[in-house]
Amino acid sequence: QTLTIRSKMTNRMYRILCLLLLFQNMLTIWAFSPPLQAAGRRRKEPSRLSTILRAGGGDKGPDDFFSLYDEEELRNVLNIHRQLTNDGGAVPTPKEAPISIHESLMKAQGEDTMKSLLELHESLKLRESDGTIEQREQILNSAPSTENDDTFIPPSLQDLVKQAVGEPVTAVEGSDVKPVGAPIQWDAETRKRIKNVRAIASDVDGTLLTSKQTIHPRTRQAVLRAIESPKHFFVATGKSRKGAMNSIGVEMANLLQNVPGVFLQGLYAVDGEGNVVFEKKLTNSAVKAVEQLAIECSIDLVAYDGDSLYSTGMSDAVKDLSRKYGEPEVKLLSTPLAEYSPGFHKILLADENVEMLKTTVRPKLDLLAEENAAFTTQAMPTMLEWLPAGCSKAVGVSKLCEALGVDPATELLAMGDAENDKDMLKMASIGVAMGNASPEAREASDFVMEETNNEGGAGAAMETFGFGTN
């Protein structure tokens, strides 16, 4: 009996101690945030975010917009987090680590409120597969706004938080960087184009891949989401198909093996089952002309026939195609390229002397182009590419879109970074250049990301323009 009595007393003391600790935490949050104290003394008229949140709260009246969060509450809670995690600021006690945003929200608002907000977020998301259009319209109709039209895109949870705390978001249109408030306020035409996107085409080097030939986590996540969505996702690259798959890693390659793709600068396009929907090769005279120029300039050539690569020399620049860029191993030809009867899709001129390629080789190639039904483009500083006239990534992407039943002018999001992407960016409904893009790509695009390929620019672009969630 004595043990039982002591056990009951211990349990009671433990409960009392827990309540005291909880009360101490609440007082700490209150003390460190004067704005939070003020929020408890006054109410403001609900703004757009408050109205949307109130709309998800069931049958509550217009004065009950605190049922979830209003801007002031969410802003103050996150301000607490900033104060507590600021290196130069004070913390409640030296023994406690800075609390996370999640912990701040939980302490200030409670588990039930957090759960309600997440459920509301899910209810606002328009899913093509489950037919929630009526539900979304019913929610938004109770929140009158100039944005309440057929092209309104429901905000993500991240958007709601950013909007509440006033965190800046940068939108870059054309070649001019234009910082705007959060969230990004698109015009009606842009919102409509974002909503209509049914296909996403992405360059590989300098766009999907970082400078270290890896995929940024943000980009990887966006690609996985795109593949799993009803939208079409495909790469549009100057690489061979095998080279592109080798570059993006085993996991991603396994997923992309069963999706369409445009390769070799648009000269070779396949559908999801691997069927060739378009291809074009150089004329024999074009092959002879570029081979003669390479001899005069003492540079090596790499000729592409699908996934088979051939060269007349094995310089370091040629070997780097396999070692650095993931292309199939280059085979050495003992005979002139022009004698290869199947023909070639494209020919690459590679040399480490960037200045020589730019000032000597490029002008000569441009002069030969008109006489041999060919043209020159460039994706990397150390490489020039000799292609059949009238073909480009844009042509290959158009042919593939036609096979997929997609209208590029109204339903395609295209992403790139280099000169060889410019036509594709121009023709797409939404053309987006990375933050590391060349002047040609920037000029051709509708938007330029602030983030580079090394910072997940492609992932950010897909979130913003492909899914309308950022």
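1. Start with the second largest pocket: β12 supplies the largest share of its lining, three residues. Helices (H or I, at least four residues) and strands (E, at least two) are DSSP runs here, numbered from the N terminus. A pocket is an open set of points on a 1 Å grid over the protein atoms alone, with protein on both sides within 12 Å along at least five of seven lines, and lining residues have an atom within 4 Å of a point.

2. Before going further, some housekeeping. This is a predicted model, so local features need pLDDT of at least 70 and side-chain atom pairs count only at pLDDT 80 or more, while totals for chains, interfaces and linings use all residues. Residues are numbered from 1 along each chain as its sequence is written, and side-chain values use heavy atoms, with hydrogens and water left out.

3. Back to that pocket. The second largest pocket has a volume of about 500 Å³, where volume is the space filled by probe spheres set on the grid points, joined across faces, edges and corners. Its lining counts 27 residues, with A379, M380, P381, T382 and D417 nearest the centre. Two or more lining residues come from each of α14 (316-323) and β12.

4. A379 and M380 turn up again among the residues nearest the centre of the largest cavity, with D205, K239 and E385; 21 residues line this one. A cavity is a set of points where a 1.4 Å probe fits but cannot get out. The largest cavity's volume is about 200 Å³, and β11, β12 and β13 each give two or more residues to its lining.

5. Now the sheet. It is open and mixed, with six strands in the order β10-β9-β8-β11-β13-β12; strands pair if DSSP finds at least two bridges between them. β10 (331-332) and β12 (374-380) sit at the edges with a single partner strand each, so one side of each has no neighbour in the sheet. β12 runs antiparallel to β13 (residues 383-388), joined by five bridges, and A374 stands opposite P388 in β13.
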